[in-house]
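Subject: Handover of a structure

Dear colleague,

Please find below the structure that I am passing on to you. My findings follow directly after it.

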Amino acid sequence: MTPAPMEILCADRLVKRFGGLVATDQASLTIRAGELHALIGPNGAGKTTLIHQLSGALAPTSGTIRFAGEDITALPIHARVHRGLVRSYQVTSVFRRLSVLDNLALAVQARDGGGLGFWRPARAERERYADAASVAERVGLAACQDRIAGALSHGEQRQLEIGLVLALRPRLLLLDEPLAGMGAEESGRMVALLRSLRGEHTMLLVEHDMDAVFRLADRISALVSGRVIATGTPDEIQGHPEVRRAYLGDEQGEA
Ligand SMILES: Nc1ncnc2c1ncn2[C@@H]1O[C@H](COP(=O)(O)OP(=O)(O)OP(=O)(O)O)[C@@H](O)[C@H]1O
């Protein structure tokens, strides 16, 4: 029997040039099924450019991306989403005038290919809403599932965005700075949510909050000038001399 592949995503030597600028420079990255993998790096290191290449928003100049054993380098965003590679805020967006539950039900419907409930529309609708309610609960929004999305706090809206991605039942979630712009309390809630998803979902997290990254990640890859210079456990990354010099600086490198 062939064992299931451990690696869900394998990016091999991705180069992205913008004119004379090389934003990712032979960047290679492997994500294992089930892990929370964080990508760290200083401003301008190429994190966003790399994520965009993985999601399909940007075509690499060279290099390949394999997902679940298939070469997806040339596939557009929607085809990657269809295969289960989903980035938050890219494909699904919050409809501010709809309720939390309606937003989630629409994402469930999108997942099911438009919800062709031709036979039993009422039942299909009920199932969709039951599914949406369980996602609302999963992301900590059960108590406000009937509220208009536009009236949610910033932190709750980010929780909803995670819910919209989860409703698509992704095989790999690309999370781009989920803690951005949050205060301590909201950020604590989001970290708890991400921790609760750990082990249940495979995630690639780009985040500037080093504290959160080192608390959450199973493995971390460090990007410097477009290159992945190290991948390892939080302890290995924290002790890596080049990483300490390049990334952690006086935050942790001096500790
Ligand atoms: N569309 C573009 N056209 C030209 N240059 C770009 C473009 N997108 C990114 N760059 C450049 O590529 C380099 C990498 O940028 P990128 O945004 O990927 O880095 P980052 O690690 O995500 O940075 P930050 O942490 O500040 O978000 C930077 O020098 C940036 O100016």
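**Findings**

Glutamine 238 is located in helix α8 (residues 234-238). Please bear in mind throughout that this is a predicted model. Glutamine 238 counts as partly exposed because it has 17 C-beta neighbours inside 10 Å, where 20 or more would be needed for a buried residue. Phenylalanine 214 lies 24 residues from glutamine 238 in sequence, and their C-alpha atoms are 8.6 Å apart in space.

**The chain as a whole**

The protein chain contains nine helices and 10 strands. Its radius of gyration is 19 Å, close to the 18 Å that the globule rule gives for 255 residues, so the chain is as compact as a globular protein of that length. Along the principal axes, the C-alpha atoms fill a box of roughly 60 × 45 × 40 Å. Of the 255 residues in the protein chain, 38% are buried.

**Domains and their contact**

The chain is divided into two parts: domain 1 (1-91 + 170-255) and domain 2 (97-167). The centres of domain 1 and domain 2, taken over C-alpha atoms, are separated by 26 Å. Where the domains touch, 12 residues of domain 1 are in contact with nine residues of domain 2. On the domain 1 side, helix α6 (residues 184-197) gives the most, with four residues. By class, that side of domain 1 has eight nonpolar, two polar and two charged residues.

**The nonpolar core**

The largest nonpolar core has 62 residues. Within this core, the residues with the most contacts are Ala38, Leu104, Ala167, Leu205 and Leu216. Helix α3 (residues 100-111) supplies the largest share of the core, namely six residues. Both domains take part, since the core draws at least three residues from each of domain 1 (1-91 + 170-255) and domain 2 (97-167).

Leucine 216 deserves a separate entry. Which residues is leucine 216 in contact with, leaving aside its neighbours within four places in sequence? They are Leu36, Ala38, Val191, Leu194, Arg195, Arg198 and Leu205. Among them, Ala38 and Leu205 are also listed with leucine 216 as residues with the most contacts inside the core.

Yours sincerely,

A colleague

How values were computed: Residues numbered from 1 in each chain as written. Predicted model: local features only at pLDDT ≥ 70, side-chain atom pairs only at ≥ 80, totals over all residues. Core = buried A, V, L, I, M, F, W, Y, C linked by C-beta atoms within 7 Å. Buried ≥ 20, exposed ≤ 12 C-beta atoms within 10 Å, placed from the backbone. Helix = DSSP H or I, 4+ residues; strand = E, 2+ residues; numbered from the N terminus. Domains from an automatic or database assignment. Contact = placed C-beta atoms within 7 Å. Rg over C-alpha atoms; globule rule 2.2 N^0.38 Å. Nonpolar A, V, L, I, M, F, W, Y, C, P; charged D, E, K, R; others polar.
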